[in-house]
Amino acid sequence: MHIVFAFLAGLLMSVGIAVSKMIDPAKVLAFLDVTGNWDPSLALVMASALAVYSTGFWLIRHKPAPIMAEKFHLPVVSKPDKPLLIGATIFGLGWGLAGYCPGPAISALSAGSIGTLGFVVAMVAGWYLARKWPLPR
Amino acid sequence: MDNFTPLSALIGGTFIGLGALLLMATLGRIAGISGITSLAIFQREGRSWRLAFVVGLLLGPVVVSLLLSDFSFSTPELSIRTVMAGMLVGLGTAWGSGCTSGHGVCGISRFSARSLVATLVFMAAGVFTASLF
């Protein structure tokens with residue numbers, strides 16, 4: 001059953017990425033590029049996703065365990081540190097260059113574009129290198 | 001602002017929130033797409049549910065194209081810029097422990113200081129590069 005719910009969660013998020021047009025790098029870049037014909041749509045995507053998730057999370061926050069697993073897996077570290085700041089900066093630079101963050105890039109693979117594939121292969125290589133060379137705290 | 005699409009943005013964002021919430025309510029996991037996908041590839045433990053999540057991600061646009069007749073989206077050319085961007089996004093999301101979904105949606109909703117800071121930083125860096133280059 002775990003895989004069914006994980007599949008549905010990924011599918012729902014990807015449908016949202018597609019319907020909101022976040023899957024289109026041009027749409028994302030029109031939001032990030034504040035010098036051109038600015039498109040505020042992405043702010044509403046974030047706002048509605050946050051509204052739904054934060055309300056739902058608030059409702060289930062005192063439950064002893066999730067429906068299908070023995071416990072909630074929540075990160076324990078909560079203070080920003082050097083790897084977080086450096087990582088978020090580098091991620092943002094890449095996001096602004098291509099208009100892809102990981103979700104939309106993976107979702108867009110089904111379109112069969114060699115450019116999208118090149119982005120995703122390079123992203124996976126980046127994950128590999130960062131796992132090999134973690135940043136010191 | 002003639003390209004503003006508020007309705008599809010709100011509907012799409014709602015689906016993203018619902019999907020992320022489903023993963024928390026059922027498996028108790030944060031729906032961070034960069035973390036889930038990279039661990040699906042590089043970690044044996046917990047691979048099956050993570051792979052199932054990634055398969056769901058891959059099929060989303062296929063489902064939408066069956067339901068909406070006018071659904072289409074642009075894709076980038078294969079270029080040095082695209083590959084460099086992919087490498088930066090990979091390195092950055094791994095070192096920064098998350099991307100738009102994990103930090104921007106799930107983390108901020110839990111009032112995580114780390115996620116709020118990470119989101120402000122990657123948004124600012126994204127605006128910087130997209131506006132300058």
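Residues 111-132 of chain B are 91% helix and 0% strand, with end C-alpha atoms 31 Å apart. Helices (H or I, at least four residues) and strands (E, at least two) are DSSP runs, numbered from the N terminus. This is a predicted model: local features need pLDDT of at least 70, side-chain atom pairs count only at pLDDT 80 or more, and totals for chains, interfaces and linings use all residues. Residues are numbered from 1 along each chain as its sequence is written, while chains are lettered from A and ligands numbered from 1 in the order in which they are written.

**Annotated spans**
- For chain B, an unreviewed UniProt entry lists "transmembrane region" at residues 6-28, 49-68, 80-99 and 111-132. UniProt positions follow the numbering used here, feature names are shortened, and annotations may be inferred rather than shown by experiment.
- Residues 49-68 of chain B are 95% helix and 0% strand, and the end C-alpha atoms lie 29 Å apart.
- For chain A, the unreviewed entry gives residues 42-61, 82-100 and 106-130.
- Residues 42-61 of chain A are 95% helix and 0% strand, with 27 Å between the end C-alpha atoms.
- Residues 106-130 of chain A are 76% helix and 0% strand, with 19 Å between the end C-alpha atoms.

**Chain B against chain A**
- In all, 98 residues of chain B are in contact with 105 residues of chain A. Contact means that C-beta atoms, placed from the backbone, lie within 7 Å.
- On the chain B side, α1(B) gives the largest share, 21 residues.
- That side divides into 60 nonpolar, 33 polar and 5 charged residues. Ala, Val, Leu, Ile, Met, Phe, Trp, Tyr, Cys and Pro count as nonpolar, Asp, Glu, Lys and Arg as charged, and the others, Gly among them, as polar.

**Core**
- The largest nonpolar core has 79 residues. Such a core is a set of buried Ala, Val, Leu, Ile, Met, Phe, Trp, Tyr and Cys residues joined through C-beta atoms within 7 Å.
- A:Ala9, A:Met13, B:Ala20 and B:Leu88 have the most contacts inside this core.
- Leaving aside neighbours within four places in sequence, B:Leu88 is in contact with A:Ile90, A:Phe91, A:Leu93, A:Gly94 and A:Leu97.

**Helix α6 of chain A**
- At 1.5 Å a residue, the 19 residues of this helix (114-132) should span 27 Å, which agrees with the 27 Å between its end C-alpha atoms. The expected span is 1.5 Å times one less than the number of residues.
- Its buried residues include A:Gly115, A:Phe119 and A:Trp127. Buried means 20 or more other C-beta atoms within 10 Å of the residue's own, with C-beta atoms placed from the backbone.
- Cover for the buried residues of α6(A) includes α4 (82-98) and α5 (102-107) of chain A, together with α2 and α4 of chain B.

Technical notes: Buried ≥ 20, exposed ≤ 12 C-beta atoms within 10 Å, placed from the backbone. Contact = placed C-beta atoms within 7 Å.
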